[in-house]
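The following questions and answers concern one protein chain and are meant to be read beside its sequence and coordinates.

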Amino acid sequence: QVQLVESGGDSVQAGGSLRLSCLASGFNLGSYCMGWFRQPLGKEREVVARESILGGSPYYVDSVKGRFTLSRDSAKGPLYLQMNSLKPEDTAMYYCAASLPRYNGYCPPLSDGYDHWGQGTQVTVSS
């Protein structure tokens, strides 16, 4: 059974840092595209950081470039999202997601391309 479990969410002040973790079980993490997505209250889910190609460099949404870093400890995970210089607009529920890569090895760009999701971890940034 595929399972993703996020942790690390918290309430912090603007300028602070958090590291989110995603533990995966039930599948070979090294064969899956992984990413972090977020959904602010009342808004649509958006990609934050994801692998652009299996094992390749990450893609970041413009609003987090230079502040967030996506990484894995190894092919077996866990998956991390290091978040620095946090802003109030980063407040959201953050989700870890996994998907098999496309036929050409590239990872799905949007949330609707991901098959497996964690339950989410809340990040709240106060000004």
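Q: Where is serine 85 placed in the chain?
A: The model is a predicted one. In this model, strand 8 covers residues 79–83. Serine 85 is placed in the loop between strand 8 and strand 9.

Q: Is serine 85 buried, partly exposed or exposed?
A: A residue counts as buried under 20% relative accessible area and as exposed over 50%. Serine 85 has a relative accessible area of 42%, so the class is partly exposed.

Q: What is the phi value of serine 85?
A: Most residues other than glycine have a negative phi. Serine 85 is a residue other than glycine, yet its phi is positive. The value is near 50°.

Q: How many helices and how many strands does the protein chain have?
A: Read along the sequence, the pattern is β-β-β-β-β-β-β-β-β-β-β. The secondary structure therefore comes to zero helices and eleven strands.

Q: What is the radius of gyration of the protein chain?
A: The globule rule gives 14 Å for 127 residues. The chain is close to that figure, so it is as compact as a globular protein of that length. Along the principal axes, the C-alpha trace spans about 45 × 30 × 25 Å. The radius of gyration is 14 Å.

Q: What percentage of the contacts between residues at least 6 apart in sequence join residues at least 24 apart?
A: A contact here requires heavy atoms within 4.5 Å. Among contacts in the protein chain between residues at least 6 apart in sequence, the share that joins residues at least 24 apart is 60%.

Q: How far apart are the mean positions of the positive and negative charges?
A: The protein chain carries 11 positive and 11 negative charges. Their mean positions are separated by 4 Å.

Q: Is serine 21 buried or exposed?
A: Serine 21 belongs to strand 3, which runs over residues 18–25. Beyond residues up to four places away in sequence, serine 21 touches Val5, Glu6, Ser7, Trp36, Leu79 and Tyr80. Its relative accessibility is 15%, so serine 21 counts as buried.

Q: Is glycine 26 buried or exposed?
A: Glycine 26 is found in the loop between strand 3 and strand 4. Leaving aside neighbours within four places in sequence, glycine 26 contacts Gln1 and Val2. Its relative accessibility is 55%, so glycine 26 counts as exposed.

Q: How far apart in space are asparagine 28 and aspartate 10, C-alpha to C-alpha?
A: Asparagine 28 is in the loop between strand 3 and strand 4, the latter spanning 33–39. At 47% relative accessibility, asparagine 28 counts as partly exposed. Asparagine 28 and aspartate 10 are 18 residues apart in sequence, and their separation in space is 29 Å.

Q: What distance separates the C-alpha atoms of serine 31 and lysine 76?
A: Serine 31 lies in the loop between strand 3 and strand 4 and is partly exposed at 33% relative accessible area. Apart from neighbours within four places in sequence, serine 31 is in contact with Leu54, Leu100 and Pro101. Along the chain, serine 31 and lysine 76 are 45 residues apart, and their C-alpha atoms are separated by 9.2 Å.

Note on methods. Residues numbered from 1 in each chain as written. Predicted model: local features only at pLDDT ≥ 70, side-chain atom pairs only at ≥ 80, totals over all residues. Heavy atoms only, no water. Helix = DSSP H or I, 4+ residues; strand = E, 2+ residues; numbered from the N terminus. Rg over C-alpha atoms; globule rule 2.2 N^0.38 Å. Lys, Arg positive; Asp, Glu negative; His and termini not counted. Charge placed at Lys NZ, Arg CZ, Asp CG, Glu CD. Buried < 20%, exposed > 50% of the residue type's maximum accessible area, 1.4 Å probe, protein only.
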